[in-house]
Amino acid sequence: MEQPEAVEESTGVTIMVVDDSITVRKVTSRLLARHNMEVFTAKDGVDALEVLQDRIPDVMLLDIEMPRMDGFELARHMKNRDDLKNIPIIMITSRTGDKHRNRALEIGVNSYLGKPYQEEELLENIYLALAEAE
């Protein structure tokens, strides 16, 4: 006889949050979990590449300024790999100038949000990235 699952309803959407700030990782993870998304995190680009060997997210939220490997390097690396190039990337950064935004878009980042982000704007960008990826 099958046991009923005691798991919360999930949308089946997995989001990877890559940011060197533990606060940003926690706050963003909680927000996404409230919207029934599964979240896993990495503290920088090097850490993210290790995690990506085992798990591929539906969408990645990516900071620019991080130690070891910044967001631009990670995004460029992902876009050059067949197994990672189709993961939508939403950059969330305090670098809101056109220079950084244009560089991110040239690499192939899907969206570019400033910190602090608005919750609704972040969710809209996630849902848009998911819809475009289908």
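This is a predicted model: local features need pLDDT of at least 70, side-chain atom pairs count only at pLDDT 80 or more; totals for chains, interfaces and linings use all residues.

Residues are numbered from 1 along each chain as its sequence is written, and side-chain values use heavy atoms, leaving out hydrogens and water.

**The cores**

- A nonpolar core here is a set of buried Ala, Val, Leu, Ile, Met, Phe, Trp, Tyr and Cys residues joined through side-chain atoms within 4.5 Å, where buried means under 20% relative accessible area (1.4 Å probe, protein chains only).
- The largest such core has 24 residues, and Val18, Met60, Leu62, Leu74 and Met91 touch the most other members.
- Elements giving this core at least two residues each include strand 1 (14-18), helix 3 (71-79) and helix 4 (98-107), with helices (H or I, at least four residues) and strands (E, at least two) taken as DSSP runs numbered from the N terminus.
- Helix 3 supplies the largest share, four residues.
- A separate core of 17 residues includes Val13, Val17, Ile90 and Leu130.

**Helix 3 and helix 4**

- The axes (lines fitted to C-alpha atoms over the stretch in contact, with angles from 0 to 180 degrees between N-to-C directions) of helix 3 and helix 4 come within 9 Å and cross at roughly 15 degrees.
- That makes the two helices, helix 3 and helix 4, roughly parallel (angles under 35 degrees).
- In contact (heavy atoms within 4.5 Å) are Phe72, Ala75, Arg76 and Lys79 of helix 3 with His100, Arg103, Ala104 and Ile107 of helix 4.

Terms used
Buried means under 20% relative accessible area, exposed over 50%, partly exposed in between (1.4 Å probe, protein chains only). Angles under 35 degrees count as roughly parallel, over 145 as roughly antiparallel, 65 to 115 as roughly perpendicular and the rest as oblique.
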